[in-house]
Amino acid sequence: MFDYLIVGAGFAGSVLAERLANGSNKKILICDKRPHIGGNAFDFYNDEGVLIHKYGPHIFHTNSKDVFDYLSKFTEWRNYEHRVLASVDGMLVPMPINLDTINKLYGLNLTAFEVEDFLASVAEPCDEIKTSEDVVVSKVGRELYEKFFRNYTRKQWGLDPSELDASVTSRVPTRTTRDDRYFTDSYQAMPKHGYTRMFEKMLDHPNIKVLLNCDYEEISKDIPFRELIYTGPIDAFFNYRYGKLPYRSLEFKHETHDTEQFQTAPVVNYPNEQAFTRITEFKYLTGQEHKKTSIVYEYPQAEGDPYYPVPRKENAELYAKYKTLADARSDVRFVGRLATYRYYNMDQIVAQALTEYGKMVGKKRQEAAIAKAVGSNGNGSTATMQTLTKTPLS
Ligand SMILES: Cc1cc2nc3c(=O)[nH]c(=O)nc-3n(C[C@H](O)[C@H](O)[C@H](O)COP(=O)(O)OP(=O)(O)OC[C@H]3O[C@@H](n4cnc5c(N)ncnc54)[C@H](O)[C@@H]3O)c2cc1C
């Protein structure tokens, strides 16, 4: 008898599996319908031997020391500060918009103080900031909005920024300095040997069995367990009773080129002409040295794997109905990005899972992250992760 059946072997499921096994000596079966662990953070060496991220670039950054310390038990890190260029008016300029972006784009030589005045002169003040368009236009004006944001957002979300919550574009700052880092978090690093290796270490415990290529519905009636932890889409769990929650999906087009370097930055955004939104070159992220290089194009689309919950008021209302159903299920815990219908970064999901474990054992998140079961023998170093696979679903 398993104590827990955990649905989904991404960050949410794997952190909980690790904590329950290592911290509480529970017996866990974790299943995933995909043929691999790691959820969307899964990476692997392609046929040419280049380490790539199957589901698009995943860059780790956090301000949370306890999340970073927790993950550090399963990986060493490689310092990495992410940088992005945007292809606008035939030039490659830093993104988020900074002093160099403005100077290069307009052929100016402004100082940090002067660029502040420049932005203030083009910004269009707005009484109440409601939409993603309001956020940007009120900060950088309509021209920069149209060059960098409008079409990018339309491609990414299939909606005009005026139809999207302010939260989408407020994630992107504007800087008057030359700082061209994409993130400013205190911890910015990539797992030294990749995400999948880190997940393998997390799940490497004699109490954890991993079942891949397996939808939980195929086994939940036959395999005995005490409690269910569900990290899949919440609407699917309730058989879409109130209809489907809208997600934005992506098609990834991976390529390997017979050259050491493809582009001059880890990510180049294409806000305007192209159908894809960005190109990522993985070697910048992973630090791998290889005579070939692998890249991925991202084409946003409506259908496909659920990646981004669409942040609109009516979707939040629909989610609230599912949440009411979920709250009434004392036998199931709903954790993770899909089960809570919100775009979360990896560190936020680790924090959410550690908080959930804390609730289960009556501890605060920081303590829950380090608790170790008395008498447990799983130390992540000697046992081999036990993986069972089923035939892929047709
Ligand atoms: C393109 C893209 C880029 C991103 N880049 C970043 C980034 O740079 N930095 C960052 O911090 N975050 C990034 N994220 C967010 C990051 O992917 C998530 O925060 C993280 O993957 C969430 O983990 P999770 O466990 O909640 O969900 P997931 O990783 O989605 O894992 C859920 C798992 O559940 C499985 N599952 C679902 N239903 C079932 C079922 N019925 N039976 C069995 N298994 C099931 C799925 O197959 C999946 O593997 C990005 C996301 C996307 C889509």
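Biologist: Happy to be looking at this predicted model with you! In S15, which residue is the bridge partner of arginine 278?

Modeller: Arginine 278 falls within strand S14, which covers residues 278–281. S14 pairs with S15 in the antiparallel sense. Across that pairing, the bridge partner of arginine 278 in S15 is glutamate 298.

Biologist: Thanks! Over how many bridges do S14 and S15 pair?

Modeller: Strands of a sheet pair through backbone hydrogen bonds, either parallel or antiparallel. Here S14 and S15 take the antiparallel sense, and the number of bridges is four.

Biologist: And how many bridges join S12 to S15?

Modeller: S12 spans residues 247–257 and S15 spans residues 293–301, and the two run antiparallel. You can follow the pairing residue by residue: histidine 257 has threonine 293 as its bridge partner, threonine 256 stands opposite serine 294, and glutamate 251 stands opposite tyrosine 299. The number of bridges joining S12 to S15 is nine.

Biologist: S12 is joined to S16 as well. Which residue in S16 is the bridge partner of arginine 248?

Modeller: S12 and S16 run antiparallel and are joined by two bridges. In S16, arginine 248 has as its bridge partner tyrosine 308.

Biologist: Now the domains. How far apart do the C-alpha centres of domain 2 and domain 3 lie?

Modeller: The chain is divided into domain 1 (2–37 + 203–245 + 310–389), domain 2 (95–170) and domain 3 (247–301). Nine residues of domain 2 are in contact with six residues of domain 3. Between the C-alpha centres of these two domains, the distance is 24 Å.

Biologist: At what angle do H1 and H12 pack?

Modeller: Two packed helices are described by the angle between their axes and the distance between the axes. H1 covers residues 11–24 and H12 covers residues 346–361, with their axes 9 Å apart. H1 passes H12 in a right-handed crossing. The angle is about 35 degrees.

Biologist: What is the make-up of the H1 and H12 contact by class?

Modeller: Among the residues that H1 brings are Phe11, Val15, Leu16 and Arg19, while those from H12 include Met346, Ile349, Glu356 and Tyr357. Sorted by class, the contact has two charged, three polar and 12 nonpolar residues.

Biologist: Last one: which residues come nearest to the ligand?

Modeller: The shell around the ligand divides into 16 nonpolar, 11 polar and six charged residues. Of the 33 residues around the ligand, those that come nearest are Gly8, Gly10, Gly39, Gly232 and Gly336.

Definitions and conventions: Residues are numbered from 1 along each chain as its sequence is written. This is a predicted model: local features need pLDDT of at least 70, side-chain atom pairs count only at pLDDT 80 or more; totals for chains, interfaces and linings use all residues. Axes are lines fitted to C-alpha atoms, for helices over the stretch in contact, and angles run from 0 to 180 degrees between N-to-C directions. A crossing is left-handed if the near helix is turned anticlockwise from the far one by less than a right angle, and right-handed if clockwise. Two residues are in contact if their C-beta atoms, placed from the backbone, lie within 7 Å. Ala, Val, Leu, Ile, Met, Phe, Trp, Tyr, Cys and Pro count as nonpolar, Asp, Glu, Lys and Arg as charged, and the others, Gly among them, as polar. Domain bounds come from an automatic or database domain assignment. A residue is near a molecule or strand if its C-beta atom, placed from the backbone, lies within 6 Å of it. Two strands pair if DSSP finds at least two bridges between them.
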